[in-house]
Amino acid sequence: MQAERDSLEKVVCETEVEIKNADGLHMRPAMQFVDIANQFDSDITVSNNETEVDGKSIMQMSMLAATCGTKLKIKAEGSDAAKVIGALRELVEEKLFGEPAP
Amino acid sequence: MKFADFVCFKATVPELQARDRDRAIAEIVSSLDKAGKLGKGKCKEITRAVIKREKEASTGMGKGVALPHVKHKLVKDVIAAIGLSSAGIDFSALDKQPVYSVILLISPADEPDKHLQAMENVFRHLQQEKFRKFLRQCRSPAQIEDLLREADENSSL
Amino acid sequence: MEIKKGIAVSPGISIAKALIIDSEEYRIPRRSIKASERTTEIQRVRNAFKGAIGELTELEAAHSKAESSKIKDIFAVHLRFLHDRSLRKRITDLVHSESVTAEYAVSTTLREIASHFSKEKDAYISERAADIYDIERRLLIQLLDRKREDVGHLTEEVTIIARELSPIQTAGFNRKFVKGIASDAGGRTSHAAIVARSLGIPAVVALEDLTESVNGGDTVVIDGNRGIVIVNPDDQTIQQYQEYSKEFAELEHKLDAIREKPAVTRDGVKITLLGNIEFHDEAEAVLQKGGEGVGLYRTEYLYLNRQTEPTEEEHYQAYAETVSVLQDRPVVIRTLDLGADKYTQRKRFAPEPNPFLGLRSIRFCLQNLMMFKTQLRAILRASVLGDVKIMFPLITNLQEVMQAKMILRDVMDDLDEESIAFNRDIQIGIMIETPSSALTAFSLARDVDFFSIGTNDLTQYTLAVDRGNELVSTLYSSADPAVLRLIRTVIQDAHKAQIDISVCGEMASEPEYIMLLLGMGIRTLSLTAPMIPEIKQMIRSVTVEDCNNVARKVLGMNSERQISNYLRAAARKILPEAF
């Protein structure tokens, strides 16, 4: 996890996570992700190699269609950036969205 | 309403001694009485009521199952018990076949909705051949309880 | 002037200005708006979202006890989509940048998203496309709701033009202003056609591309006798059609004259003619046309066009009013036959892949006893007011009869408890409309008081054809030898068991089938009121002996075409003016 302070005192946090649950980022996980993201103030962007989407939008997140094994970069910008990155990382890599591993 | 909500597993009669309908009904009601589900001294009256209703219209649904039931003032909650007969009992069923599984249901007279919910549940499972088959194959109260609890969990058993 | 040919489904002639309405299958054309209208349009988008969220939240609350987590998930997904700001922004941006209507922006945006999903290989993800279409529909319903009111607030006579009409929409038409109906899709026996017929509104369907050839306000002639629609007719054509219209009215008048005459064959056999109704206020029309009672009261319409289920009082009011109009004449009330149609599909959030063969009708009722009981109570309460009979639809086996009767008895016990009067000996009948019930009619006959053959569904199920699907609707025919064989079996079984039997499907309203039905032993027909005079005319013109001969010949044929040609020729000889 890298934290930088830019000149406008906005915190930016980034991390890379790997989708570990068998069924990947289908609707239910995407909903959980978006629900957590929306609890925080920071802007959240999620990207795979091809696209970058708004992590608070269910429409965009579900279009990511990330399967098991896909790596995603999550970037948060805002006062609670560190907190939201932590929560999201926990959801994806530790809790596996409450779903079974392959 | 799930089976577990209204079936008294303790009162299951895995092998009915009775060979005829009225006695089979009496046997199951008495079993419910022994399990303490009917309140003092109501056994005879309730048995009479179930038999009376059965006489008016057979609840032999065909495919070896009968669903004798009655709504009675003296009962506070929906209560049911299962009785199985390997020899088969004549319930004047629609398909003229003997009955091997009897589900006896007693509902409070003033709670028609609860009665319907229990009936809906029974209908739904009895529709399924697998369920009927498994029920008929049960030999012990424990097996019947397992079957019903599993049916509750998985409504397409 | 443009002349288009379709299928005539409801007789009569009308000349009126076109009013085009969007069907619920929403193909939203691109319509531009003025730059000054953009703000209003964007607000409409916002309101649509708000309305859709409100509706969905209400529905979610109503289903909070749903055991299936899958159902809860679907609600959750849809609500999150509706709350998604970037989705809304994408739509409003489109309104702004291209100056298009809210409907167009919603439809285009969501369809783009849906197609993105459906391209994905992963099944979980490609299934989402269906959710997106559903959300599109929900938003469009919010937006178009105002437009729908236009049909409810008509002030002049119009011809309704649509791509497709649902029975819900058709049933809402005001006969005073809606003079004619034409649609691109649909078939002869689709529900919308049935409703148009019973409302007496001339209608032509299956025109394929009519909506592309008409503009709102064009003059349109509907020839519901010949299946022709003429857009912007020239003066000569208008005159011609005004004359046809007069002639047709005269024919109707002639048929009206036999209203008082009995439905007796030339050799003195009495046939009972009853009416099929969908709304209680059609009972009057049945009597006016010479019907002797109601042989089929379709109660589905009590459930359509509303968000909540009808209460027992609402049921009772409808039944009581029907009975009071018919006095001591028979009324057969059929319990809820919904299914394979929008109401139950909307109720089920995991839509059935094959609703036609799914949890519909009596099966749906036996799985929803609270709702079923409400209707049964109302029917029983109304049974003291006249000759009320109850009929269960889509019966496929003895167990269903058993269960339905069991519940009816339980409901009777409740009414006894509450000292509410009802007819304990109410006659109980069933519809025979599936191959299984037709083939086991002999055993079913032992436990019911009467049968009524639903030839529409019986034909569909037997021939495996969807009558509303214009790609195959020509395969649907009640003259098919397989169907006729089943009908004959049922009639024989009913006679053997000495129970009453009637035919209540469309076959009973078609003159070319009357001789056949009579010849097979039918003595009671229930049909749509407007056709009663013509059918009575047919009956009064034949002898049962001739009918028996016709039936004998037909049952020896094995080609549908041969049979229907023969029947048409035989009927034309008897009643040339009907053809």
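Of the 157 residues of chain B, 46% count as buried, where buried stands for 20 or more other C-beta atoms within 10 Å of a residue's own, exposed for 12 or fewer, and partly exposed for anything in between, with C-beta atoms placed from the backbone. Before going further, a word on what you are looking at: this is a predicted model, in which local features need pLDDT of at least 70, side-chain atom pairs count only at pLDDT 80 or more, and totals for chains, interfaces and linings use all residues. Residues are numbered from 1 along each chain as its sequence is written, while chains are lettered from A and ligands numbered from 1 in the order in which they are written. The model scores ipTM 0.81 and pTM 0.63.

Let's stay with chain B for a moment. Its secondary structure comes to 6 helices and 5 strands; helices (H or I, at least four residues) and strands (E, at least two) are DSSP runs, numbered from the N terminus. Along the sequence, the pattern reads α-α-α-β-β-β-β-β-α-α-α. Among the contacts in chain B with a separation of 6 or more, 71% are between residues 24 or more positions apart, a contact being two residues whose C-beta atoms, placed from the backbone, lie within 7 Å. B:R19 gives a local example: this residue sits in the loop between α1 (3–6) and α2 (21–34) of chain B. With 12 C-beta neighbours inside 10 Å, B:R19 counts as exposed. Leaving out residues up to four places away in sequence, B:R19 touches B:A87 and B:I89. B:D90, 71 residues from B:R19 in sequence, is 8.2 Å from B:R19 in space, C-alpha to C-alpha.

A:A65 lies between α2 (58–64) and β5 (71–77) of chain A, and A:A65 is buried because 22 other C-beta atoms are within 10 Å. A:A65 and A:M27 are 38 residues apart in sequence, with their C-alpha atoms 9.1 Å apart in space.

Now to chain C, where 47% of the 579 residues are buried. Chain C contains 24 helices and 16 strands. The average pLDDT (the predictor's confidence in each residue, from 0 to 100) is 85 for chain C, and 87% of the residues score at least 70. Of the contacts in chain C with a separation of 6 or more, 70% link residues 24 or more positions apart.

5 of its 5 residues are buried, so β4(C) is largely enclosed by the rest of the structure. C:V158, C:I160 and C:A162 point one way, C:T159 and C:I161 point the other way, and all are buried. Two strands pair if DSSP finds at least two bridges between them. Strand β3 (residues 13–21) of chain C runs parallel to β4(C), joined by 5 bridges; C:L19 has C:I160 in β4(C) as its bridge partner. Strand β5 (residues 178–183) of chain C also pairs with β4(C) in the parallel sense, over 5 bridges, and here C:T159 is partnered with C:G180 in β5(C).

Next, the nonpolar cores, which are sets of buried Ala, Val, Leu, Ile, Met, Phe, Trp, Tyr and Cys residues joined through C-beta atoms within 7 Å. The largest has 145 residues, and those touching the most other members are B:A80, B:L104, C:V294, C:I430, C:F451, C:V490 and C:L517. Beyond its neighbours within four places in sequence, C:V490 is in contact with C:I432, C:A438, C:A441, C:F451 and C:I453. A second, separate core of 52 residues includes A:L25, C:I28, C:A52 and C:F117.

C:F117 is one of the buried residues of α4(C), a list that also includes C:Y104, C:L110 and C:I113.

Finally, the interfaces. Chain C and chain A each bring 15 residues to their contact. On the side of chain C, α2 (69–83), α3 (85–98), α4 (102–119) and α5 (123–126) each give two or more residues, with the largest share, 5 residues, from α2(C). That side divides into 7 nonpolar, 2 polar and 6 charged residues, where Ala, Val, Leu, Ile, Met, Phe, Trp, Tyr, Cys and Pro count as nonpolar, Asp, Glu, Lys and Arg as charged, and the others, Gly among them, as polar. The contact between chain C and chain B takes 17 residues from each, and α16(C) gives the most to the side of chain C, with 11 residues.
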